[in-house]
Amino acid sequence: MKTILCSLLLLTIVFSCSKKEAELTTREAVQETTARNTPKPDVVYHYQGKAYPLYYVDGSTTEVVQDENALALEALSGTSNFVTFLLPDKPAGHYYLFDSEFDGYDYMEKHDENPFIGRRFKVSLRIDELRTRLLNKYGTDIDYNNPSIYTNALEGVEAIYEELQINKDLPRNLEQFIGIKGGQLSHQRNPVLTVYEHDNYNGSELVVETAPNTVIWSYGDWNCFTMAANPDLSFEFQTNGNNWNDCISSKCSNYIAGADAMAIGYYKDKDYAVYSCGFSIQIIKKNNINAAPGLCFSMLNEVWVRGPFCGHMNDQISSLRIKAIWDGCYADDRVFNDLYNQ
């Protein structure tokens, strides 16, 4: 009798295991079939940790299907001034939306294999913002020998050190830290950024870092950062007399020798105005220079730089900024205590 009971129990266990295996196999088969039948999205937006895959309307390479993801992004655009980041270590067709440029660099710090690049871009941006505040308040000639101005500037630098946990003595030369005009982005013959009137690099061309109204700033500890900024392309003129505002259809850039990373900002309005889908930041890093998005691009070939949700930038750019984070800048990782201790 005991033998019969043991045999029945064994059969029950075997049957139970077989049933579970069958259920698991069936579930995996359904998941595989579902994945195979689900079309690959044409573009994917990322915002606050959520992915929004979008699909083009049949026969179009710009118009997207108005599904729940497209409608959700449209609703969000009414509440946020999106800045689009194009990251070289992400797949082509993936666009990363942030509420601010600072948030984009913060994402790089938290998700990039080298978090110090994102942190250094954050330091650079905060210095840019401090410089802009001082220029707006005191004019183009800031007298750092004026005790009131010096105190104001020092408070701004102290706030940057505290926020970004810079573990070093405050700079002795505030003017040099906040920014000295002049210098150049590259000693090479190849221009860093050239923009063209027409697609496929035709028509008039403008070398941005040497344009008459582009201002170059060197700043930060050890001149860690250099930025070439052109606030209003309506003051730059082509040979035919037309200005460059809303006249850029293609661009070509060269990587800056000696930089760990560079960022190119494309803005729809002058003075780098911020509003929904108003500008994009293209990040290029030394370790993946040739990664998407490309260094040279015709903006009419596809929706670029902001993707189909935010629209193309052909003939829509009014101001530009190029920034270099120099190799060796903050080379001692302990400068940022919180990152060093991770």
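1. Basis of the values. The model is predicted, so local features require pLDDT of at least 70 and side-chain atom pairs count only at pLDDT 80 or more, while totals for chains, interfaces and linings use all residues. Residues are numbered from 1 along each chain as its sequence is written, and side-chain values use heavy atoms, with hydrogens and water left out.

2. Helix H4. Helices (H or I, at least four residues) and strands (E, at least two) are DSSP runs, numbered from the N terminus. Helix H4 covers residues 115-138. Gly139 follows H4 and has a positive phi, near 95°.

3. Aromatic pairs around Phe82. Rings of Phe, Tyr and Trp (its six-membered ring) pair if their centres lie within 6.5 Å; planes under 30 degrees apart count as stacked, over 60 as edge-to-face and the rest as tilted. A search of the whole structure gives 17 aromatic pairs. In one of them, Tyr47 and Phe82 are edge-to-face, with 5.0 Å from centre to centre and 75° between the planes. This pair links distant parts of the chain, 35 residues apart: Tyr47 belongs to strand E1 (residues 43-47), and Phe82 to the loop between helix H2 (68-77) and strand E3 (83-86). Tyr47 and Phe82 are both buried. Phe82 also pairs with Phe309: the centres are 6.2 Å apart and the planes stand at 65°, so this pair is edge-to-face. Here the separation is 227 residues, with Phe309 in helix H7 (residues 307-310). Both Phe82 and Phe309 are buried.

4. Aromatic cluster and charges over rings. One aromatic cluster is formed by Phe85, Tyr96, Phe98, Tyr105, Tyr107 and Phe121. A charge sits over a ring if NZ of Lys or CZ of Arg is within 6 Å of the ring centre and within 35 degrees of the ring normal. The charged end of Arg119 sits over the ring of Phe336, 5.3 Å from its centre. That of Arg126 sits over the ring of Phe102, 3.8 Å from the centre of that ring.

5. Asp221. This residue is found in the loop between strand E8 (215-219) and strand E9 (225-230). Asp221 counts as buried because its relative accessibility is 6%. Its side chain is joined to that of Tyr330 by a polar contact of 2.9 Å; such a contact is a pair of N or O atoms within 3.5 Å, where within protein one must be able to donate a hydrogen and the other to accept it, and residues adjacent in sequence count only if both atoms are side-chain atoms. Leaving aside residues up to four places away in sequence, Asp221 touches Tyr161, Lys168, Pro171, Phe177 and Tyr330, contact meaning heavy atoms within 4.5 Å.

6. Disulfide of Cys224 and Cys329. A disulfide is taken as a pair of cysteine sulfur atoms within 2.5 Å, and by this rule the count comes to three. Cys224 is joined to Cys329 with an S to S distance of 2.3 Å. The link is right-handed, with 115° about the S-S bond. It connects distant parts of the chain, 105 residues apart: Cys224 lies in the loop between E8 and E9, and Cys329 in the loop between strand E14 (319-326) and helix H8 (337-340). Cys224 and Cys329 are buried.

7. The other disulfides. The sulfur atoms of Cys252 and Cys296 are 1.9 Å apart; Cys252 is in strand E10 (residues 250-253) and Cys296 in strand E13 (residues 296-298), 44 residues apart. Cys252 is buried at 19% relative accessible area, whereas Cys296 is partly exposed at 31%. Cys277 and Cys310 are joined at 2.1 Å, S to S. The torsion about their S-S bond is about -50°, so this disulfide is left-handed. Cys277 is buried, as is Cys310. With the bonded cysteines of the protein numbered in sequence order, the pairing is 1-6, 2-4, 3-5.

Notes: The expected span of a helix is 1.5 Å times one less than its number of residues. Buried means under 20% relative accessible area, exposed over 50%, partly exposed in between (1.4 Å probe, protein chains only).
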